[in-house]
Amino acid sequence: MAGLGGSHDKEVPLDRLGADAPAGAHALLALWGRAAARGRIPTRCDFTPDTLSPWIDDISIYEYHPDKDDFQILLEGESIIALTGEDWRGAFAREVDCHFSTALHAALSAARKTGKPQIHHLQIFQKDWRKGVRLLLPVVLERKGQEDVLQVFLAIFPFPDHTQ
């Protein structure tokens, strides 16, 4: 993929999803966009297990903890675990950043602050330096009688081997 500045680029922000991105990434981003069409961050109610079923294994859920100013991984998608060989459930984004020298916390924070998806081209360096697309999609978990919680769906879609 053109535009990468060499092998040191682990996460490259994109303004939009490229035409060469995996179809699953386009479809999930479109689903989020339809839910956000009312001009607000979509809620978890906008994403039922039925609507998310094509991507259920591709999504990890990060929940924002204002007291720590960090995001805890509540759910790690099975496809992400298979792709990376790692399960970070229960960990925080800053722990992932420290371990891999990444900028995951900053990207999640951008999704939180803007209420907009964050799109990155990234190297999946745990497995043969594969490349993929990462989507960070902010959602609000509404809790009756309690403060709402911001969550971010993280999804990774690897490029087929021939487009790397």
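**Group meeting: a walk through one predicted model**

A search of the whole structure finds 0 disulfides, where a disulfide is counted as a pair of cysteine sulfur atoms within 2.5 Å. For anyone new to the term, a disulfide is a covalent bond between the sulfur atoms of two cysteines. C45 is exposed, with a relative accessible area of 61%, and C98 is exposed as well, at 68%; here exposed means over 50% relative accessible area, buried means under 20%, and partly exposed lies in between, computed with a 1.4 Å probe on protein chains only.

Before I go on, please keep in mind that this is a predicted model, in which local features need pLDDT of at least 70 and side-chain atom pairs count only at pLDDT 80 or more, while totals for chains, interfaces and linings use all residues. Residues are numbered from 1 along each chain as its sequence is written, and side-chain values use heavy atoms, with hydrogens and water left out.

Let me turn to the sheet. It is an open sheet of 6 strands in the order β1-β4-β5-β6-β2-β3, with antiparallel pairing; strands are DSSP runs of E with at least two residues, helices are runs of H or I with at least four, and both are numbered from the N terminus. Two strands are said to pair if DSSP finds at least two bridges between them. At the edges lie β1 and β3, each of which pairs on one side only. On average, and with direction ignored, neighbouring strands of this sheet are turned by 30° against each other; the axes behind such angles are lines fitted to C-alpha atoms, for helices over the stretch in contact, and angles run from 0 to 180 degrees between N-to-C directions.

How many bridges join β2 to strand β6? There are 5 bridges between β2 and β6 (residues 149-158), and the two strands run antiparallel. Within this pairing, I59 stands opposite A155 in β6, and S60 stands opposite L154 in β6. Strand β2 also pairs with β3 in the antiparallel sense, over 5 bridges, and there Y62 stands opposite I73 in β3. Because 6 of the 7 residues of β2 are buried, this strand is largely enclosed by the rest of the structure.

The hairpin of β2 and β3 has 4 residues between the strands, and in this hairpin D69 takes a positive phi near 50°. D69 leads us to the salt bridges, each being a side-chain nitrogen of Lys or Arg within 4 Å of a carboxyl oxygen of Asp or Glu. R94 forms a salt bridge with D69, with the closest N and O atoms 3.6 Å apart. This pair links distant parts of the chain, since R94 is in helix α4 (residues 93-100) and D69 is in the loop between β2 (59-65) and β3 (70-75), 25 residues apart. Salt bridges that share partners join D69, R94 and R112 into one network. As for accessibility, R94 is partly exposed at 36%, and D69 is partly exposed at 29%.

By the rule I gave, the count comes to 5 salt bridges. Another of them joins the side chains of R134 and E11, at 2.8 Å from N to O. R134 sits in strand β5 (residues 130-141) and E11 in strand β1 (residues 11-14), 123 residues apart, so this pair also links distant parts of the chain. Are R134 and E11 buried or exposed? Both R134 and E11 are buried. In a further salt bridge, R40 meets D46, the closest N and O atoms being 3.3 Å apart; R40 is partly exposed at 32% relative accessibility, and D46 is partly exposed at 23%.

Finally, helix α4. Its residues A93, V96, D97 and F100 are buried. They cover an arc of only 100° around the axis, which puts them on the same side of α4; the arc is that of the directions from the helix axis to the C-beta atoms. On the other side of α4, C98 and H99 are exposed. What covers the buried residues of α4 includes β3 and α5 (104-114), where contact means heavy atoms within 4.5 Å. Just after α4, S101 takes a positive phi of about 55°.
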